[in-house]
Amino acid sequence: MSFTKIAALLVGTSVLAAPVASAVAQEAASRTYRIDAPAQDLADALIALSRSTGMPLAAVPAALRDLRSRQVRGELTASQGLAQMTRDLPVHARIVGSTIIVQPRAAAIVSQGPARSSPSQLASPERSAAIATPEAVQPTPPPEIVVTGFRRSLDVAQAIKREATGSLEVIVAEDIAAFPDQNLAEALQRVPGVAISRDGGEGRQISLRGLGPSFTRTELNGMEVLSNTASGLDSRGGVSRSRSFDYSVFASELFNQVVVEKSYAAEQDEGGIGGTVALRTAKPFDYPGNTLVLGAKGQVNQYTETLTPRLVGLASARSGDFGVLVSAAYSQTETIEWGFRNWNWSRMNFGSGNVGSEIDPETRERLVNAEGDERVWNSRAQTYGSWFSDRERLGLTGTLQYDPGNGTDISLNVLYGRLTNDRQENVIGNAGSNGLSANDVTGTQVVHDIVIDEFGSINAASVSGVDLRNEAKPTQDQTDFWQVALNGRTMLTDRLELTTLAGWSSSQFESRWQRAYMVSNDHTVSFAGMETDTPRNSYDFDPADPAAWALQSLQFREDNIESEFYNAEAALAWEVTGDSTLKLGGEFKHFENSAHRYQKNVNNVGGLANVPTMLNPHSSEIDFIVGDVPAIFAALGQDTALNESNLLAGTDYTVTERTFAGFGQYELDTMLGDIGLRANIGVRYYNTRLDSKGSSVTPNGLVPVEIRNTYDGFLPAMNVALDLTPSLVARFGANRNISRPGFADLSAAATVRVAGYGGTISAGNPYLAPYTADSVEGALEYYDGTRGSIALGVFYKNMKSFVTSETDQLPYSETGYPLSLLEEGQDGSIIFNFTRPINGPGASIHGVELAARRNFDFLPGALGNFGALGNVTYADGKSDVFYSGTPYELPLTDLSKWSVNGTLYYDTEQFGARGSVAYRSRYRKGDGGNGNIGEYFSPSTVVDATAYYNVTPRLQLRVEALNLTDERIIQYADGDARRLMTSTVSGRTFTFGGSMRF
């Protein structure tokens, strides 16, 4: 059925369903009253409204429990006052004839007006009668079970989800400045369809319904934002310059609600095929009065054994129609990741003199003379390492709010976030001039023993004449994020509402590091266990002996990334009838992302007497010496200042996007017989102009280039929710949406990454079309009051013009880039990966979600305070990735076929505890490179736990434990051969402390 036909059907339905009011009812509806009601218990507010208007009240107790009304003030009609009083609450509130009807959203199907209401539903001015329970209302939890803390947050989230038209998930704070997890990404992993990636012991980015972080939009206080940081490990991408939002930048205590919008509606900004994550900071009128909360915790990691602080404070004050709120959160965390790392794998040959007489003739022939795909695969560098980080996170918010209670709500929100990392990377590997890190072995190395598996991978070997290299790299990086957002909403007439948004956000990332290389030559080394998750190296000398090492070279780098958004939006919502609304809106968005990378290599620095060294102070498989980098630079008098003359080719590109958009959306909230119907249908138009600036390779060298591309489109969307029974909700949605390609893909430049084994050239393509997806989804959800729920959902996305990559391996001399970019000792024959993005033939993804939650109130005594929630998501999708012109069908990047989350909780007014487990199956992170087909992360299972004790109603003590099993993060190349790249652990983290509410 076309969108036009569906729209006509919905409009017709609203006309047929609209009640025919009498003349008396029309006169009552137009009469105005002086209403002055503060934010209070919803039952009390409704009774006051009933007294003010003289209208009887029919209310369902289950609809009013634990809800607070909004402030209402002004000369208003009864309908206006009721709408403002119940705005954003999970109730169906309306005036039918001259009676105020308030019911839970699903219970609205019980009656359609006073003629079908039982006498007990019609309220007298007395509260007891106002909330009398009708027979048709579903049972409520036993009165002895008090909903508090974590359980209360689940109740509120469930009510919001149930009321929604489209598919969404909600997380709300357990208390003021007390989000249910330490990190936003870790809180989101409990949501059905969400899987997270971890770095440095923390959740960092999310995947939603099988689509990676770049397919998920993030909004903060109504406007799109972007913030990037870096990983301490190069194998995880190092500095992150992408559309993937780094949730580790923000302290979770700054937020009181996160909404994951899985369905798309025309009124939403385009750009998130996976979905949209909407973050919301607290506002003064969220609380009933003046509020002050202070909290302090200490935290420690098992490998650092250093106690570090986590502090939070929030103060909110209201005076009449005005309110002000400020909050601050600060934390310091020390973490260590340590383990084993290879610099990927590559095919190689050995020279005839590099194979010892101990090797059998057949293996010798393969090592020396094999060609093409018959060559063996060897791991590069076989490295032990530790990656330490001293991380500080600061978040500040400030909000001014004007809410006179007459439908007007204006807020100015300011947020500042700062994330700093003081890192130290120390590694030792077989990576000297005669190492085991190049494409071929032709130096002094001689292999004496070797184990090759069925995939041609060398899993173990003993080699003499090997040069080792250690690296010490201290890094200081910082992300500064600012947002200023002005949100407004007001009623222009009793049926016409205006909403506006104007905002600016900025994210700036800066990183500086220095590195010292030291070498120890001519050793016999052995490695084994490459087919396992914990390989082992052995050496014929003591790597912790300073006398065994000599200074080789220095390197230092500076990175800078800036992202900036300007947003302006306005929309009108016209209440066509009591059951239908028409929305029209427009938006302007300007976004710019720019960056540069400066780097300098200093070779031939040998000869420094008494090179300053230190024993690696962090956890590692073995003890080894590294250079004391600050002392070395000081002893050499090395200036670390960098400028444009040190620019790395291809890193200074800028991507600017200017977008105009407009939408029209029709909404319906009515009854079809005994079935409640909520629906929205609309279309969005967008027009984007892309400007990409960078440098291109020409016969005359690198020259500036600027490319402009313009694209536009229409995005239809429809969402329908049917309340089939008081407990059963069915949802259906269909839409088209886009996601814009990554910045590197759109670059007018090519980035050159040089390493000892060769390197990678990644070229951009500003003419790429955006990802476009047509999606359908459906769900059936059963709600058992506030006790729990179970939901089954399915989804399918057909993505057109899917952006994929094409990778070739070729000598550097054939790339056209100058030889001056190579490292010392390299020439044009060294093999490079040359990767470029292309619009592929398309891809699809489909999946199933099952989520359930239940309070165990059916159990006797204290057992009734237990409860559980969990979800399972299956998703599957593939796309073609090209290697030297040959397509390979691989899983979509960041897609885990299975993600499973479960939480068992115990919750009372005084004490609560919970344990959570999160599992995600393996997922592909990259294309692999060097001829490897894909790059993957292994499955992971993470276990966390927390407990609290309320000493008094104002004082709470809390203890938390993260990553209780010290889960290993494993990364490998090639999906079939599973060649290990990285295997690290980051330790268990424990926190303890308390909060005080005044």
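This is a predicted model: local features need pLDDT of at least 70, side-chain atom pairs count only at pLDDT 80 or more; totals for chains, interfaces and linings use all residues.

Tutor: Residues are numbered from 1 along each chain as its sequence is written, and side-chain values use heavy atoms, with hydrogens and water left out.

Student: What is the mean pLDDT of the chain?

Tutor: The mean is 85, and 89% of the residues reach 70 or more; pLDDT is the predictor's confidence in each residue, from 0 to 100. Over residues 1-25 pLDDT stays under 50, and over residues 106-148 it is below 50.

Student: Why is a space called a cavity?

Tutor: On a 1 Å grid over the protein atoms alone, a cavity is a set of points where a 1.4 Å probe fits but cannot get out. The largest cavity holds about 390 Å³, a volume being the space filled by probe spheres set on the points, which are joined across faces, edges and corners.

Student: What makes a residue part of a lining?

Tutor: A lining residue has an atom within 4 Å of a point. For the largest cavity 21 residues qualify, Leu-154 and Glu-169 being among the closest to its centre. Helix H7 gives the most, five residues; a helix is a DSSP run of H or I with at least four residues.

Student: Which classes make up the lining of the largest cavity?

Tutor: The lining has 12 nonpolar, five polar and four charged residues.

Conventions
Contact means heavy atoms within 4.5 Å. On a 1 Å grid over the protein atoms alone, a cavity is a set of points where a 1.4 Å probe fits but cannot get out, and a pocket is an open set with protein on both sides within 12 Å along at least five of seven lines; lining residues have an atom within 4 Å of a point. Helices (H or I, at least four residues) and strands (E, at least two) are DSSP runs, numbered from the N terminus. Ala, Val, Leu, Ile, Met, Phe, Trp, Tyr, Cys and Pro count as nonpolar, Asp, Glu, Lys and Arg as charged, and the others, Gly among them, as polar.
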